[in-house]
Amino acid sequence: MANREDIMAKISELIGPFNNKGIDLSAATTFQGDLEWDSLTVMDFVAAVEDEFDIIITMNMQAEIETVGQLADAVAKLMDS
């Protein structure tokens, strides 16, 4: 079972190819505001996260996740269930 630090590191790695602006990532980094992702980029990124962690992130969950830290918490919760 991965801890939050490991999950954050992997998420940061997965964000790399989508981080066109070279933003320094933290738990507070927002996908829409800081990274300026459009809906297609979000969908591609979510698919990469789901594949990496072997989880399913529902549309309702996606709507509530605004930051990298919230995503890490959601991934950890989904991996525990």
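Me: Why is Glu36 called exposed in this predicted model?

Reply: The relative accessible area of Glu36 is 51%, and the word exposed is kept for values over 50%, so Glu36 counts as exposed. Glu36 lies in the loop between H1 and H2.

Me: What makes the phi of Glu36 worth a remark?

Reply: Glu36 is not a glycine, and yet its phi is positive, at about 55 degrees. Asp54 is another residue other than glycine with a positive phi, here near 55 degrees, and its place is in the loop between H2 and H3.

Me: Why is Lys21 called partly exposed?

Reply: Lys21 is at 47% relative accessibility, and partly exposed covers what falls between buried, under 20%, and exposed, over 50%, so Lys21 counts as partly exposed.

Me: Where in the fold do Glu13 and Lys10 lie?

Reply: Glu13 and Lys10 both lie in helix H1, 3 residues apart, which is about one turn of the helix.

Me: Why can the pair of Glu52 and Lys10 be said to tie parts together?

Reply: Glu52 lies in helix H2 and Lys10 in helix H1, so the pair ties together parts that are 42 residues apart in sequence.

Me: What accessibility labels do Glu13, Lys10 and Glu52 carry, and why?

Reply: Glu13, at 53% relative accessibility, counts as exposed because the cut-off is over 50%. Lys10, at 22%, counts as partly exposed, and Glu52, at 39%, also counts as partly exposed, because these values fall between the limits of 20% and 50%.

Me: Why is Met61 called partly exposed and not buried?

Reply: Buried requires under 20% relative accessible area, whereas Met61 is at 21%, so Met61 counts as partly exposed. Met61 lies in helix H3 and, leaving aside its neighbours within four places in sequence, is in contact with Ala74 and Leu78. The C-alpha atoms of Met61 and Leu71, 10 residues apart along the chain, are separated by 9.2 Å.

Me: What makes up the largest nonpolar core?

Reply: The largest nonpolar core has 20 residues, and those with the most contacts inside it are Ile11, Phe31, Phe45, Val49 and Leu71. Helix H1 (4-15), H2 and helix H4 (68-80) are the elements that give two or more residues to this core. In soluble globular proteins, nonpolar side chains tend to be buried together.

Me: Which residues does Phe31 touch, leaving aside its neighbours within four places in sequence?

Reply: Phe31 is in contact with Ile15, Glu36, Trp37, Phe45, Ile65, Glu66, Thr67, Val68 and Leu71.

Me: Which residues lie nearest the centre of the largest pocket, and how many line it?

Reply: The lining has 17 residues, of which Phe31, Val42, Gln62, Ala63 and Ile65 lie nearest the centre. Helix H2 (39-53) and helix H3 (59-64) are the elements that give two or more residues to this lining, and H2 gives the most, with 6 residues. The volume of the largest pocket is about 420 Å³.

Me: What is the make-up of the lining of the largest pocket?

Reply: The lining residues divide into 12 nonpolar, 3 polar and 2 charged.

Note on methods
Residues numbered from 1 in each chain as written. Predicted model: local features only at pLDDT ≥ 70, side-chain atom pairs only at ≥ 80, totals over all residues. Heavy atoms only, no water. 1 Å grid on protein atoms, 1.4 Å probe; cavity = no way out; pocket = protein on both sides within 12 Å on 5 of 7 lines; lining within 4 Å. Points joined across faces, edges and corners; volume = space filled by probe spheres on them. Helix = DSSP H or I, 4+ residues; strand = E, 2+ residues; numbered from the N terminus. Nonpolar A, V, L, I, M, F, W, Y, C, P; charged D, E, K, R; others polar. Core = buried A, V, L, I, M, F, W, Y, C linked by side-chain atoms within 4.5 Å. Buried < 20%, exposed > 50% of the residue type's maximum accessible area, 1.4 Å probe, protein only. Contact = heavy atoms within 4.5 Å.
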